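Let's take a look around this assembly, chain by chain.

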Amino acid sequence: MRMLEEFWQALDERFDLAPLVEFATHKEVPRHRHSWAYYFGGLTLFFFLVQITTGILLLLYYRPTSEAAFESVQFIVTRVPFGWLVRSVHSWSANLMILSAFAHMFSVYFLGSYAKPRELTWWSGFALLGLAVGFGFSGYLLPWNELSFFATRIGTDMVSKVPFAGAWLLKFLRGGEDVTGATLTRFFGFHVAVLPMITAALLGLHLALIQRQGMHVPEGLEEEAKTRKPIPFVPNFMLRESVVWLLGLAALAALAAFFPWELGVKADPFASAPAGIHPEWYFLFMFETLKLIPAHVLGIEGELLGLGVFGLGGLVWFLVPVLDRGSRKGHRTRAFLVLGWLLLAYIVSFTLASLAGVFK
Amino acid sequence: MTDRVLTATVVLTLATAAALAAPSPSPIGTPGKHTEDSCVGCHSKLDDSRLRAPAEVAKSDIHLTQGVSCAGCHGGDPSSDDSSVAMSPARGFTGKIGVRTIPEMCGSCHSNAAFMLRYSPNIPTDQLAQYRTSKHGQALAKGDTNVAVCTSCHGTHGILPPSDARSPVYPTRIVETCGRCHGNAALMSRYGIKGDEVSEYKRSVHYAALVAKNDLSAPTCKSCHGAHGATPPGISSVSNVCGTCHLSQRERFDQSPHKDAFAALQQPACESCHSNHAILHPQDSWIGMGDKQICGSCHSAGDVGATAAASIASALAKASSAEVTTLARVQRVERSGMLMDEATVKLEEAHQAFVMAQLEIHTASVGRVESQTKAALGALTAADKSAAGAEAEIRYRRSGLFVSLAVIALAMVLLILKIRAMER
Amino acid sequence: MPAAHEGPAISRRGVLNWLLGTSLGATLLAALYPVFRFVIPPEVAEAPVNRVLAGKLSELPPNSGKIFRFGSKPGILVRTASGDVRAFSAVCTHLNCTVQYRPDFQEIWCACHNGHYDLQGKNIAGPPPRPLDAYKVDIAGDDVYVTKRA
C-alpha cells in the first residue's frame with residue numbers, strides 16, 4: 001500500500017494528475033428510465049478490444065497468401081493450443097460488435113442524442129459503423145474458404161455499379177480484375193493496418209467528445225434525471241459496465257462453445273459458386289432488397305437504382321442532426337422518430353426473413 | 001529422200017530399242033533421300049482426279065521420302081518423261097496392282113530383313129508371315145478378295161508410319177479403320193460375324209481411355225486380335241490376352257476353381273463375366289444369383305458357388321457402405337476444424353484394402369476376399385475412432401467453456417451484489 | 001470492540017469482497033490461460049504441407065524404400081543400390097493406392113493392379129497413366145528432408 005502511494009506521488013509530481021483524478025471522480029451518468037441505453041457504446045468498445053486482442057494473437061500464426069491462408073487458419077484451429085477458441089471468439093466477437101454497434105446507433109437515434117451540440121459525435125459514430133462493417137467485410141475473406149471467397153466476389157461486384165468511379169473502385173478493392181491472392185493480401189492490409197489506424201483516430205475523437213460534453217439526457221426525461229441521483233462514473237457506473245462486459249464475455253464463451261466457427265473447404269477460384277451463397281447477416285437486408293428489385297426500372301439498371309437509394313438513405317441518416325431542425329432547439333421532429341422506427345423495422349424484418357429462408 | 005527417211009526410222013527404232021532394252025534405273029534410291037521421279041511429275045498435272053490423287057499425297061508418303069519411288073511398287077521407268085517408256089510393261093510396269101498380289105508385293109521388301117535394315121534397325125519383318133496365319137490371309141488364299149490386305153489398313157498412297165497420328169493405324173484411329181468393314185453388319189454376316197463388335201467396343205472403358213483420356217496404352221482391336229495376324233483369340237487363350245495387361249487378375253483367376261472348370265466347359269475365361277468388346281467398369285453388384293447378376297448363369301441356387309457368391313457380395317457391400325459412412329463422418333469433422341490426418345491415412349489404407357478385395361474376387365475364394373475386407377473394416381474402425389475422438393474433444397471443449405461460463409456468471413452475480421451494497 | 005450489529009455486516013462485506021475478488025481473478029485467469037498457451041508455438045511449428053523430415057539416412061540402406069507422410073498423403077523415400085536418395089509421391093497415378101519399393105525389381109510397384117515405376121518415377125508398365133510426382137531431397141547430416149516442388 002505504501003509503495004502504491006509513493007508511486008502515485010511520483011507520477012503526480014511529474015504529470016500533475018490531480019485534475020484528471022478530479023474529472024474522473026466527478027464524472028456522472030444521468031439516471032432515468034432509459035439509462036440502460038448508455039451501456040451499448042461501452043459494450044461495442046468491449047467487443048472491439050476483444051477483436052484487437054484475438055486479432056493480434058491470430059496475427060502470430062496467420063499467413064495472408066492464397067497458397068497458405070487456409071492452411072494457416074487450419075493450423076491455428078487444429079494445432080495451436082486454444083487456437084480454436086481464439087479463432088471462434090474472433091469471428092463471433094466481430095458479429096457481436098456490429099450487433100452492439102447497431103443497438104448503440106439506434107438507441108442514440110431514438111433518444112435524440114445526435115442533436116446539437118453532439119453532431120460531430122454522431123458523424124464520427126457513423127464513420128465508425130462504416131469502419132466496423134469494413135472490418136467485417138475485409139476480415140471475412142481472410143480464411144480463404146469457399147464461402148468467404150464467393151461472398152467477397154459478389155460483394156465487390158456491387159461496387160462496380162457505382163457510376164463513373166465503379167471500375168476504378170473495383171480494381172482498387174480487388175487488387176485486380178477478379179478476386180485473387182492479390183485481393184487477399186490487400187484486404188489483409190486494410191484489416192490489420194489501414195482500418196485500425198483510422199478507427200483509432202476516430203474512436204479517440206468519439207470518446208474525447210463524450211468526455212468533454214457528458215452524457216445526453218433525452219427529451220422529456222430531464223425532470224426525472226434531475227430528481228434521481230446520478231450514477232457516479234467511478235466506481236458505480238464502471239462496476240455496472242463490468243457486469244455488462246462480463247455478460248458480453250459470457251456470450252462469446254457460449255457462442256464459441258455451442259456454435260464453433262467452421263473451417264470450411266479451401267477456396268477454389270475455378271469451381272462454381274456453391275448453392276445458397278449469401279453475405280454475412282449484417283448485409284442481408286441490403287442483399288435481399290437488391291435481389292427483389294427488377295432488372296430494369298424506368299430504363300435504369302435495377303441494382304444501380306437500389307444502390308442509389310441506399311446511398312441516398314445513408315446520406316439522410318448521416319445528415320439527421322442537420323435535417324432535424326427541431327432537434328437543434330431540443331424538440332425533435334416527430335417525422336424523424338417515425339423514420340427511425342420504419343428503418344429499424346425494415347432492417348430487422350428483412351434480416352430475420354432472410355435468415356428464415358423466406359426469400360428462397 | 002527415202003534414204004533419209006529410212007535412216008531416220010532405223011535410228012529412231014534403234015534408239016527406242018536401246019532405250020527400252022537398257023535396264024531401268026533402280027526405283028529404290030538412297031534411304032532417306034526423297035526421289036524426284038517422272039511419275040509424280042506427270043500425274044500431278046493430270047485432269048482426272050483419280051489419277052492425280054496419288055501424286056498429290058506423294059510428298060508425305062514414307063516410301064517416297066525414304067527414296068522408294070512409285071516404280072518401286074508399280075514398276076516402270078521413273079527416270080523417263082516419256083509416258084510410253086515410263087509405263088512400259090517391258091520396263092516392268094504393272095499398272096494397278098491386283099488385290100491378291102498385294103501382300104506378296106509388300107512383303108517382297110518388308111519381309112526382307114537385310115533390306116529393311118537399311119531403313120531402321122529394329123523394324124519388324126514378320127508382317128507377311130503373320131498375315132498368312134490371319135483370318136484375312138487365309139480367306140485371301142482361298143480366293144476371297146473382299147478381305148483386308150496391306151493397303152486396306154495402311155492406305156495405298158500417302159502411307160504414313162503407324163507412329164504418325166494421321167496414319168489410319170495410329171492407336172486412336174484403328175477402330176475406325178477396322179470398322180470400315182467390321183462395322184458393316186451385312187458384309188460381316190457373310191462370314192458369320194455379328195458385326196456389332198465395333199459399336200460394342202465403343203461402349204467400353206478401353207475405348208473411353210483411348211479416345212477421351214488419350215491413353216495410347218489402352219487396348220484397341222489389334223491389341224487383343226493381333227495386327228497382321230488378326231484372329232480372334234481362341235477360348236483357351238482369352239485369359240492370356242487379357243492377362244497381358246491385367247496380370248494381377250489373371251494370376252488370381254489361375255488359382256481359382258474357375259480356371260479348370262471354364263476350360264472343361266469350353267468357356268472363355270475373362271469374357272464370360274466381363275464380355276469381350278463391350279467391356280464396362282465392373283460393379284460389385286454383379287456378384288450374386290439375382291436377375292442382373294452373373295454368377296447365376298452357371299451356378300444354381302444353393303450350390304457351393306452360389307453360397308460363395310453371396311458371402312463375397314455381402315463382404316464387399318459391408319466394406320463399401322462402411323467406407324461411405326466413415327468418409328462422410330471424417331469430412332464433417334474436418335470441415336468443422338479438427339485435425340484428421342490420422343483418420344485420412346486410415347481411410348487411404350481402407351480404400352487400398354478394398355481395391356485388393358475386388359482383385360481377390362477373381363480367386364472366387366471367400367476367405368481371400370474376406371481377409372481384405374476385414375483389413376478394410378479394421379482401418380475404417382480406426383478412422384472412425386479418430387473421428388469420434390475429435391467429436392469428443394469438441395464436446396469436451398464445450399463443457400470446459402461451460403465451466404468458464406459458470407465462473408463469469410458467479411462474478412456477475414457478485415458484482416451486482418456489490419453494487420447493491422454500495423448504493424444502499 | 002465493534003458494535004454487535006456491525007459484526008455480521010463486516011464479515012459479510014468481507015466475504016463478499018473476497019468472493020468478488022476471487023471470482024474476478026478466476027475469470028481473468030480463465031481468459032489469460034488460453035492466451036499464454038496460444039502464444040507458445042506447438043511442437044510442429046509449421047503445417048507439414050511443403051516440407052517434412054522424412055527419415056534418417058542411417059535407417060535407409062541401399063536398395064530399400066520407406067513410406068513417410070506428407071501431412072495426410074503418403075510419400076515414398078527410395079535409396080537406390082548406388083546410394084542415391086530420391087523421394088516421390090506414393091499415391092499411384094492409376095487409382096490412388098499406395099505404392100511400395102520392390103528391391104527384387106529395383107522398381108517402385110503398386111500392389112493393386114501391378115503398376116511399375118522406374119527410379120525416376122516414370123510409369124513403365126501396367127495401368128498407371130502418369131509418372132509419380134518427384135520431390136526435392138535435402139540431406140542435413142543424418143536427416144532426410146523432403147520438399148514439395150512449387
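## A walk through the chains

Start with Ser349(A), which sits in helix H16 (residues 334–355) of chain A; helices here are DSSP runs of H or I with at least four residues, strands are runs of E with at least two, and both are numbered from the N terminus. Is Ser349(A) buried or exposed? Ser349(A) counts as exposed because it has 12 C-beta neighbours inside 10 Å. For that label, a residue is buried if 20 or more other C-beta atoms lie within 10 Å of its own, exposed if 12 or fewer, and partly exposed in between, with C-beta atoms placed from the backbone. Phe285(A) is 64 residues from Ser349(A) in sequence, yet the two are 8.2 Å apart in space, C-alpha to C-alpha.

A word on what you're looking at: this is a predicted model, where local features need pLDDT of at least 70 and side-chain atom pairs count only at pLDDT 80 or more, while totals for chains, interfaces and linings use all residues. Residues are numbered from 1 along each chain as its sequence is written, and chains are lettered from A and ligands numbered from 1 in the order in which they are written.

Still in chain A, helix H4 (residues 69–78) packs against helix H5 (residues 83–110) at an angle of about 115°, with the axes 6 Å apart. Axes are lines fitted to C-alpha atoms, for helices over the stretch in contact, and angles run from 0 to 180 degrees between N-to-C directions. On the H4(A) side you'll find Val73(A), Ile76(A) and Val77(A), which meet Gly83(A), Trp84(A) and Arg87(A) of H5(A). Contact means that the C-beta atoms, placed from the backbone, lie within 7 Å. By class, this contact has four nonpolar, one polar and one charged residues. Ala, Val, Leu, Ile, Met, Phe, Trp, Tyr, Cys and Pro count as nonpolar, Asp, Glu, Lys and Arg as charged, and the others, Gly among them, as polar.

On confidence, chain B averages a pLDDT of 89, and 97% of its residues score at least 70; pLDDT is the predictor's confidence in each residue, from 0 to 100. Among the elements of chain B, helix H1 (residues 2–21) has the lowest mean pLDDT (69) and helix H9 (residues 127–133) the highest (95).

Finally, chain C has one helix and 10 strands. The radius of gyration of chain C is 30 Å, well over the 15 Å that the globule rule gives for 150 residues, so chain C is more spread out than a compact globule. That radius is taken over C-alpha atoms, and the rule is 2.2 Å times the number of residues to the power 0.38. Along its principal axes, the C-alpha trace of chain C spans about 100 × 35 × 25 Å. Buried residues make up 27% of the 150 residues in chain C.

Conventions:
Contact = placed C-beta atoms within 7 Å.
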